[in-house]
Amino acid sequence: MDVRRAAERYPGGDPAAGIASFHAFSFGPHYDPDNLRFGALIACNEERLGSGAGFDEHPHSHTEIVTWVVEGELTHRDSTGRETTVRAGDVQRLSSAAGVRHVERNDGESPLTFVQMWLAPLEPGGEPSYEIVRGIADSTPYAVPEAAAMLHVRRLAVGERTAVPDGRHLYVHVVRGEVHLAGAHLHPGDAARVTDAENLDTAALTTAELLIWEMSDPTVS
């Protein structure tokens, strides 16, 4: 298990424009050849947007983009004509496939925080697609078969324990609160990268929310 602390993330964004970003993987000017991906995951970005701030239209391709809103509301528009508002508890996925352009903004009056995760698909190309699941429950994993990955959401009360999935690659990101995982004390923004995870569980030291990626390795039978 490799624990990466929130303070180790690469800073980014444009503070003067109301944008603060924190990147868990090699990103943009913060090139790190030893931190390009873990399993299918190639980005885990925490984005904080002030009222009226956002990312103007920009392109993506060959990437599965999954977004989790922590607080506030995210306005999404893309080149396929879709426009949606993503709220806390919703899971949004944009399959950029051969190419798509989108806009992400905070059109509300309150601050917006969201976690956006990018996964490498098993096969490049195809047609872009979009999906949003409103109010996803803890007991309902969200599958991204294009990347051989499954997202699990865990919301824990103080003292509650929960099993985490077994998996070839397991990525645990702490959205809020503090937890123990395999002897490690994790705080908000911390993440654990576990290879060949088996029979692990986590205990909440405070009220907590976790995002857990369970990823298989298509090269391993």
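Trainee: Which residues does Glu 47 touch, not counting those up to four places away in sequence?
Mentor: Ala 20, Ser 21, His 23, Phe 55, Leu 112, Thr 113 and Phe 114. Keep in mind that this is a predicted model.
Trainee: Where is Glu 47 found?
Mentor: In strand β4, residues 41–49.
Trainee: What is the nearest side chain of opposite charge to Glu 47, and how far away?
Mentor: Arg 48, at 8.6 Å. Glu 47 is buried and has no salt bridge.
Trainee: Which side chain makes a polar contact with the Glu 47 side chain?
Mentor: Ser 21, at 2.3 Å.
Trainee: Switching to Thr 67. Buried or exposed?
Mentor: Buried, because its relative accessibility is 0% and the cut-off for buried is under 20%. Thr 67 belongs to strand β6, residues 64–71.
Trainee: What does Thr 67 contact, leaving aside neighbours within four places in sequence?
Mentor: Leu 74, Asp 90, Val 91, Gln 92, Phe 114, Val 115 and Gln 116. With Gln 116 there is a side-chain polar contact of 3.0 Å.
Trainee: And the largest nonpolar core? How many residues?
Mentor: It has 26. Trp 68, Met 117, Leu 119, Tyr 171, Trp 213 and Met 215 touch the most other members.
Trainee: Which elements give two or more residues to this core?
Mentor: β4, β6, β11, β13, β14, β16 and β21.
Trainee: What else lies apart from it?
Mentor: Another core, of 16 residues, including Leu 181 and Ile 212.
Trainee: Back to Trp 213. What does it touch beyond four places in sequence?
Mentor: Among others, Leu 41, Val 66, Met 117, Val 144 and Tyr 171.

Terms used. Residues are numbered from 1 along each chain as its sequence is written. This is a predicted model: local features need pLDDT of at least 70, side-chain atom pairs count only at pLDDT 80 or more; totals for chains, interfaces and linings use all residues. Side-chain values use heavy atoms; hydrogens and water are left out. Helices (H or I, at least four residues) and strands (E, at least two) are DSSP runs, numbered from the N terminus. Buried means under 20% relative accessible area, exposed over 50%, partly exposed in between (1.4 Å probe, protein chains only). Contact means heavy atoms within 4.5 Å. A polar contact is a pair of N or O atoms within 3.5 Å; within protein, one must be able to donate a hydrogen and the other to accept it, and residues adjacent in sequence count only if both atoms are side-chain atoms. Lys and Arg count as positive and Asp and Glu as negative; His and the chain ends are not counted. A salt bridge is a side-chain nitrogen of Lys or Arg within 4 Å of a carboxyl oxygen of Asp or Glu. A nonpolar core is a set of buried Ala, Val, Leu, Ile, Met, Phe, Trp, Tyr and Cys residues joined through side-chain atoms within 4.5 Å.
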